[in-house]
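Subject: Structure handover

Hello,

I am passing this structure on to you, with notes on what was found in it. Please look at the sequence and the model first, then read on.

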Amino acid sequence: MPTLTFNFREVERYLGLKIEKNLHVFEKLKIEVDIDKKNNQVRFEFKDVNRPELFIVEILAKEIKAMLGKKIKDRGKIKTSEFFIEVDKKLKYIRPYILAFYVKNVKINEEFLSYLIQIQEILAENYGRKRKIASIGLYDFDKVKWPIRYIAADPEAYKFVPLGMHESLTLRQILKKHEKGIKYAYILEGFKKYPLLIDSSKNILSFPPIINSDYSGKVTTETKNIIVEITGINEVFVNHIFTILSSLFLARGYDVYVVGIKKKKVNYYKGEEKVKEVDLRKINNIFGFEVSKKMIENLASKFLAKVSFKKDKAIFVYPSYRYDIMSERDVIEDLLIAYGYDNFKPSFDYLEYSQKGYLSKKHTIYRKIASLMNSFAEEVNTGILTGKEVLVNAKVDKGISVLNPISKNYDCLRSFIFPNLLDLLSYNKNVQMPIKLFEIGEVIKENKNVESGAESLHLAYLACSHNITFTNAKQDLEFLFRNLGINFELEEYQHNSFIEGRVAKIMVDKNYVGFIGEIRPSVLEAFHIFYPVVVFEIDLNFLLNEE
Amino acid sequence: MINIKIGKKMKEKEVEKIAYSLSEREKEILKHVVKEEPLNKIVQLTNLDETTIKKAMLFLENKKIIKIKYKPIEIVDLDKNGIVYLKNGLPERILVNILMEKEETSLSEIKELNKQEINAAIGELKKLDLVEIEEGKIKIKNKKEAIKKFPQEKFLEELPKEKDKLSKEETQIMEGLLKRKDILKIDKKTEIDYEVLPIALEVYKYLSHIKQPLIETLTPEILKSKSWKKRKFKYYDVKSKVPKVYYGKRHFYLYFLDRVREKLLQYGFKEMENGLIVNEFWNFDALFQPQHHMAREWSDTYYIKADIFIDIPKDVLDRVKKIHEEKWKYHWSEEKARNLILRPQGTVLSALTLYKNSKRIGEFLKNAKEKTVFEKYFSIARVFRPDVIDASHLTEFNQLEGIIIGYNLSFSNLLAWLEQLTKEISNAKEVIFKPDYFPFTEPSVEISIKQNNKILEVGGAGIFREEVVKPLLGEYYKEGLIVLAWGLGIDRLVLTKYNLSDIRLLFTKNLQFLRDIKI
């Protein structure tokens, strides 16, 4: 979840409230607050990943005030401008969407500049998915000659000095040499042409989403007029970020000049308010009681929404940045939160309806087998994810590999359980003998014939003491099958994990269901075990069909 | 008077009880103990080894007949040179022997001894006034005396001896020898001594009343021959320690999970079951998580490549694709949806359950007019996440997952159920609900419990979004369908329940821990 750290006192001053006394308001906006007074810091963790607008302190302040019944008005206004960006059709499959605005006479001090950079970073990295879906560029308005062209450029044909460097590089060189180029090159992998923003004097503004130019793409405390531009592969994300960033400047009292986007003709993005119609019956049903229109109005106002009513519908008008309002239910949740989860009285009116519960087949069998096994053996719980090394040491097929393991102890799925039992045993050198263990659980083998993959439920048993033999294992196996009422036979078998002549296939109705045997000394040695060990492992799937 | 009488009776009873509890060995030892024989004497008399006797004496102490005293003692014994000298003679003896043959000799001529030994030998012999040195030559003064055994020699022959029991002369000899290299050493030992308690004699006397030997182990022969009728049983010390045994035992964690299953069955929940390997479609797409969602990256979900086929029926595939493209406005990729993963959340089971039962749900909805529950499902799902393992994170764990399918159910109904379930499983007194965000529920709730003044987040819940339910049910969907969904981090609750602080213990390889933990 995205988190932002702020200067505690400064944020309190800006929000105009004591954070600690208003934690319930932050909860309603799904923000977890972590205050570190010693370092004068406050950390906000945003749980709702679809509301990146809350990263902006200006918007957060508005939302919080609304929740407390107060209203903040924007001091700036949205205006259209005479300038526009021409978009190259060839960008359609590369990075087609672009929006921009500019603001004039901005007072940029160090603080505001670093805040802008932090916002730009978290929006592009987090919400924009490491700049892939959307990214942001800031430019010095006074160094740009309009109109700007957004083109699909040949990687070798254009050269410029990127931010943070002194030499002029081609686009391809930037991807190989520049720190940001290396980091974000994956986004442009496979494309023959790259996106490029270039002005009418042939000065390059930036190479989105990689890096700005050192010339016009550098904003400092000296910059007066700023262009803000967003490019991306998803229109919703680009629009959303536009509304977020423009709201920031509007709240600070700057007029926002929207730049036109020319594909065939020039269009201006207006950042319309978000409107949603909701069936009043749905509101009542989910609340569990009839909610009055007055109350709906009041609850909606806490989320800055205006309501009007038309027959049995309520029409909600939200601020333009509320892209998370996708359907009726999103509005209803806002109303529920505004009403307060604490204010709902738990109601059991529906639980009177009584039904019979039942266990899955798998757990019915698990219980039966476990109750028999634990009359003489101790149950253990090893993982389904295991290390290849364990399987290799036990001389069984290695399981299906995980493509992105976190450690070599968990890099594949077990194909049998008994290697895990040998592994567990190797960690228990000083435990009192005899040791008898069992585990029931899933194993995975590649087998196309099984629906939902290649999973089966296995029972593995392991016994170890200074004088354990095959006979002990066979006695325990017989005990189990006798009590299950199943006849089995043992057939001679060869298996790499077991001593030759002391291993057998377990057959039920002439079908193979598992094996039993005495572990080979070389295998014991691999696990550093110096006592004899006997094992049986059974695929319980044949029972699934019987139950 | 009365008191004394009772006291006397009690004592008799006590004597009898002890007498009947003695084993044959203990009786044998007792015979010597009452005579206050020292331990080494008992060894001689009984022909038993010291450890056996000590063990029996410990039992006698447990039965309050004797009191064992442990006394640290020092034993004077031969060291490595001492052993050699005892065999070959002390240096002074060797020197005397040489002088007996040669009358006199110069120091440099003595080859049998080293310089240190010669000095020591001369020193000792001078003390005894047996030799004299003139112009570098040694001469014996008194042959008759010199042939006699030296006190040192006698001392060495009698070792080992207890240091404290040495006579004044012996102590002097010892001190002299200790100054010389490696002749003597002093070992520290603990000697067992004992005090015979007054009752011992009475017990010993009582033993003569026991004519027949006591029955130690009741055998089939004793039962068949009815000899038990004439004999008495030896009393066992019921308080004595016995060796530990370990039998079969359920795993505490799996046992807990089984009890949770039992509770849900009582509430009428049916258990859902499906594979651990799923594809992205059922786990994410069907749950309205867009393909660019962060949970769908390598850092959050385990991906696998295997020849395993998981079906996505065309109808549901088309509906899911449509809703994603309409609502999230991106190009939905079937290829991505088919990627195989290890299920990272139990909610995939709920999605599959809704799809598999869509026709039946449709029939229910057709007839539903007022608030009703159709069916309830649950699962304790093993899930996987590529998290680095530490005291509070596992890479493989369990989630308790469930849905309640019904018509016109309310948010209050959801909260009521969550409160009841959470309290029952966690034993917490207070459950706290807060707004939360999940991609597949709206509204969403975070569930926390308050325990020992600490707030612990234990799960999440909500009402499935229409964007989830509609594509899964297709033509069978009808307005008013409400699916309450919830998930509890059951592993955290196990930790609270068993008062453990490290989540790794749920998968521990430490067998002793498993043997010792209460179920």
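At what angle do helix H9 and helix H10 of chain B pack? The angle between H9 (residues 151-158) and H10 (residues 168-179) is about 90°, and their axes are 10 Å apart.

Before the rest, the conventions. This is a predicted model, in which local features need pLDDT of at least 70 and side-chain atom pairs count only at pLDDT 80 or more, while totals for chains, interfaces and linings use all residues. Residues are numbered from 1 along each chain as its sequence is written, chains are lettered from A and ligands numbered from 1 in the order in which they are written, and side-chain values use heavy atoms, with hydrogens and water left out.

Helix pairs in chain B

Two packed helices are described by the angle between their axes and the distance between the axes. Helices (H or I, at least four residues) and strands (E, at least two) are DSSP runs, numbered from the N terminus. Axes are lines fitted to C-alpha atoms, for helices over the stretch in contact, and angles run from 0 to 180 degrees between N-to-C directions.

At about 90°, H9(B) is roughly perpendicular to H10(B) (angles of 65 to 115 degrees count as such, those under 35 as roughly parallel, those over 145 as roughly antiparallel and the rest as oblique). On the H9(B) side the contact (heavy atoms within 4.5 Å) involves B:Pro151, B:Gln152, B:Phe155, B:Leu156 and B:Glu158, which meet B:Glu170, B:Ile173, B:Met174 and B:Leu177 of H10(B). By class these are six nonpolar, one polar and two charged residues (Ala, Val, Leu, Ile, Met, Phe, Trp, Tyr, Cys and Pro count as nonpolar, Asp, Glu, Lys and Arg as charged, and the others, Gly among them, as polar).

A second pair in chain B is H2 (residues 24-33) with H4 (residues 50-62), at an angle of about 85° and with axes 9 Å apart. H2(B) and H4(B) are therefore roughly perpendicular too. H2(B) contributes B:Arg25, B:Glu26, B:Ile29, B:Leu30 and B:Val33 to the contact, and H4(B) contributes B:Thr52, B:Ile53, B:Ala56, B:Met57, B:Phe59 and B:Leu60. Eight of the contact residues are nonpolar, one is polar and two are charged.

Salt bridges

A salt bridge here is a side-chain nitrogen of Lys or Arg within 4 Å of a carboxyl oxygen of Asp or Glu. The count over all chains is 71.

B:Glu26, named above in H2(B), forms a salt bridge with B:Lys63, with the closest N and O atoms 2.6 Å apart. B:Lys63 lies in the loop between H4 and strand E1 (66-78) of chain B and B:Glu26 in H2, so the pair ties together parts that are 37 residues apart in sequence. B:Lys63 is buried at 12% relative accessible area, and B:Glu26 is buried at 5% (buried means under 20%, exposed over 50%, partly exposed in between, with a 1.4 Å probe and protein chains only).

Another salt bridge links B:Glu466 and A:Lys282 (3.0 Å, N to O). B:Glu466 is in helix H20 (residues 466-473) of chain B and A:Lys282 in helix H8 (residues 280-287) of chain A, so this pair joins two chains. B:Glu466 is buried at 12% relative accessibility, as is A:Lys282 at 15%.

B:Arg465 sits in the loop between strand E15 (454-464) and H20 of chain B. B:Arg465 is buried, at 5% relative accessibility. Its side chain makes a polar contact of 3.2 Å with the side chain of B:Glu467 (a pair of N or O atoms within 3.5 Å; within protein, one must be able to donate a hydrogen and the other to accept it, and residues adjacent in sequence count only if both atoms are side-chain atoms). Leaving out residues up to four places away in sequence, B:Arg465 touches residues of chain A, including A:Met326 and A:Asp330, and residues of chain B, including B:Phe288 and B:Glu442.

B:Gln291 is in the loop between helix H14 (280-283) and strand E9 (303-304) of chain B, and is buried at 10%. The side chains of B:Gln291 and B:Asp285 are joined by a polar contact of 3.3 Å. B:Gln291 and B:Lys336 are 45 residues apart in sequence, with their C-alpha atoms 7.7 Å apart in space.

A:Ser415 lies in the loop between strand E21 (412-413) and helix H13 (418-426) of chain A, and is buried at 2%. A polar atom of its side chain is 2.7 Å from the backbone oxygen of A:Asp397.

Regards
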